[in-house]
Amino acid sequence: MISRRNRWRRATTCPSRCLLSVAAMLIAGLLPEALPLQAQERQQEPAAQTAQEGRRVHVVREGDTLWDLANFYLSDPFLWPEIYRLNTMVVEDPHWIYPAEELVVPGLEEVPVEVPVEVPVEEPVEVPVEPRVPGEEPEVIIPTPEVIEVPPQEIEELRSIFTAAQITRTTLTYRRGVPVPAVAVSESDFYRSPLLAPLDELGPRGELVDPTAPRGFHVRTTSTIPRYGRVYVSHPDGEPPGLGDRVLLFRVERRITPYGYVVRPTGMATIAAVHEEVSTAVVTEVYERILVGDQVIEAEAFHLQPGVFAEPVPTGPSAELVALLDEQPVTSVEDLVFVSIGRNQGITVGDEFEIYAPSRQSPSGLRLPEEHIGLGRVLRVTEETATLRLLEMRHPTIDVGLPVRLVRKMPS
């Protein structure tokens, strides 16, 4: 680097150059007092002086940024954190530096070099499975967890100003999770499923009287009650429930003779307070629009255990498909239907029924074989009916009147 004194001495050796230098000085006097670092690169080196240990000191000018300083001094603008690291006592926010601040600039030998890390490709883990013996569950061998340790010296090489100083050892451990057993019918599906039954079979019934609200605040009876909303419910047959009891909210829909009425659940609630004539309940589940006027009964207990499924039976009882939950010309998988067999015939939640077309005679007089149409699983049971969810279909339309028969039974 040529000092200013040397440049002045060189200029004095030639009168023409001297005149040019004087003109340049006059022009410079007309420019703003400070220039941003981009302009400094085009004219001359920035105002820097040598500090201790070979570091340089830069006096901030208007328009300077740590990004520009790193680009100028370290030839890489992304190294601006290294300048900030040495000047945390001066710079409070790296986004803002101010004129006249003196910033220490590190030498290139102080800038850490990024060390590439090779990540080994993990071989797939084979889980040996023993041949299954009829009536026994296969034993799955879970390998011992593998522990990968990173040596401290490698951590030290990779540490930067963003790494916590107290980290000296890293251990990576993985373990295979235990699969959660499936359930034939979930608790939510059980409570949200509709019923087909006489109303007196439901037991004592109350009514959703009104949402809770401050005194004088009017609530429209057509408003939908949200989840975790608080409502007042009347006591079924005048008998107050207990704190924490769960109640089912529902609406009564069309009648299907001779089986009763379609009962559609709208939600679940928990009794939070008992008063003289009503109870305060908190809505915990919403299945349909919950409205003032919905009826309330005590929630039936749910006892189905995970991992238990229906098993095939050789010959099961037969019944008839008596109604669809939603009347529609074309049914599909997941639709709900009602069949004329229930608790009195030993049907339980989780049983499975085949829907079929019986053997029949064609218009031309030929005998047609029996045809499998679909399969349904029992979600709810009353004394004389059961609610099925369609699991599979082999015909686009399932009609009322088709026969059904039990093909799989839950273990007793």
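**Salt bridges in a predicted model**

Visitor: Is Glu300 buried, exposed or partly exposed?
Guide: In this predicted model, Glu300 has 36% relative accessibility and therefore counts as partly exposed.

Visitor: And which residue does Glu300 form a salt bridge with?
Guide: Glu300 forms a salt bridge with Arg380, and their closest N and O atoms are 3.1 Å apart. Glu300 lies in the loop between β12 and β13 (311-312), and Arg380 lies in strand β19 (residues 371-381), so the pair ties together parts that are 80 residues apart in sequence.

Visitor: What about Arg380, buried or exposed?
Guide: Arg380 is buried, because its relative accessible area is 5% and buried means under 20%.

Visitor: Changing topic, how many salt bridges are there?
Guide: The count comes to 16 salt bridges.

Visitor: Which residue does Arg251 pair with?
Guide: Arg251 forms a salt bridge with Asp294, with the closest N and O atoms 3.3 Å apart. Arg251 belongs to strand β9 (residues 246-256) and Asp294 to the loop between β11 and β12 (295-298), so parts that are 43 residues apart in sequence are tied together. Arg251 is partly exposed at 25% relative accessibility, whereas Asp294 is buried, with a relative accessible area of 2%.

Visitor: Where does the pair Arg227 and Glu285 sit?
Guide: Arg227 and Glu285 form a salt bridge whose closest N and O atoms are 3.4 Å apart. Arg227 is in the loop between β7 (206-211) and β8 (230-234), and Glu285 is in strand β11 (residues 278-286), so the pair links distant parts of the chain, 58 residues apart. Arg227 counts as partly exposed at 42% relative accessibility, and Glu285 counts as partly exposed at 30%.

Visitor: Which residues are linked in a network of salt bridges?
Guide: Such a network links Glu253, Arg264, Glu288 and Asp326.

How values were computed: Residues are numbered from 1 along each chain as its sequence is written. This is a predicted model: local features need pLDDT of at least 70, side-chain atom pairs count only at pLDDT 80 or more; totals for chains, interfaces and linings use all residues. Side-chain values use heavy atoms; hydrogens and water are left out. A salt bridge is a side-chain nitrogen of Lys or Arg within 4 Å of a carboxyl oxygen of Asp or Glu. Helices (H or I, at least four residues) and strands (E, at least two) are DSSP runs, numbered from the N terminus. Buried means under 20% relative accessible area, exposed over 50%, partly exposed in between (1.4 Å probe, protein chains only).
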